Amino acid sequence: MAKRLSKERKDEETVIVTQAERIIKKFGSAQKLNEALKMIGCGRRITAIYRWTYAREKGGTGGIIPSSVLFDILQAGRKVGIELTSEDLDIRPVVMKLTIDQKKKEKYRNNRQALAGPNTQRQT
């Protein structure tokens, strides 16, 4: 998903995060974004959502969500309680620095979600 720019320190890495990656991450996953879109009657094929994150050379949109879908995503976000900001909708990629701890936490969280399955709810 995010492209690695350079490895500055042993515990820090710089990555580029696209519009599609930011919005998918806000929803939790591409599957959850699709479920939210289905709630408002605008579901997409999951492959179409993943294609937003692919480079243009590989048949994707280069990280940009088609403008025809953005309004539906905003409505779906409101429906499920996710606030999308103008920064999330900005088509320009964002350069972020991730520490090893952040990457480990993110990987651990993704692994737990994958093991839990789609029908389990998180208990707090």
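A: R44 and D72 form a salt bridge in this predicted model, with their closest N and O atoms 3.7 Å apart. The pair joins distant parts of the chain, since R44 sits in the loop between α2 and α3 and D72 in helix α4, 28 residues apart. D72 is buried, at 13% relative accessible area, whereas R44 is partly exposed, at 27%. R44 is also in contact with I49, whose other contacts beyond four places in sequence include I24, A30, L33, N34 and L37. I49 in turn belongs to the largest nonpolar core, which has 17 residues, and is among those that touch the most other members. Helices α1, α2 and α4 each contribute at least two residues to this core.

The structure holds 3 salt bridges. In another of them, D88 pairs with K26, and the closest N and O atoms are 2.9 Å apart. Because D88 lies in helix α5 and K26 in helix α1, this pair ties together parts that are 62 residues apart in sequence. D88 is buried, with a relative accessible area of 9%, while K26 is partly exposed, at 36%. Helix α1 itself is largely enclosed by the rest of the structure, because 7 of its 9 residues are buried. The elements covering those buried residues include α5 and α4.

The side chains of D90 and R92 also meet in a salt bridge, at 2.8 Å from N to O. Here D90 is partly exposed, at 25% relative accessible area, and R92 is exposed, at 57%.

Technical notes
Residues numbered from 1 in each chain as written. Predicted model: local features only at pLDDT ≥ 70, side-chain atom pairs only at ≥ 80, totals over all residues. Heavy atoms only, no water. Buried < 20%, exposed > 50% of the residue type's maximum accessible area, 1.4 Å probe, protein only. Helix = DSSP H or I, 4+ residues; strand = E, 2+ residues; numbered from the N terminus. Contact = heavy atoms within 4.5 Å. Core = buried A, V, L, I, M, F, W, Y, C linked by side-chain atoms within 4.5 Å. Salt bridge = Lys/Arg side-chain N within 4 Å of Asp/Glu carboxyl O.
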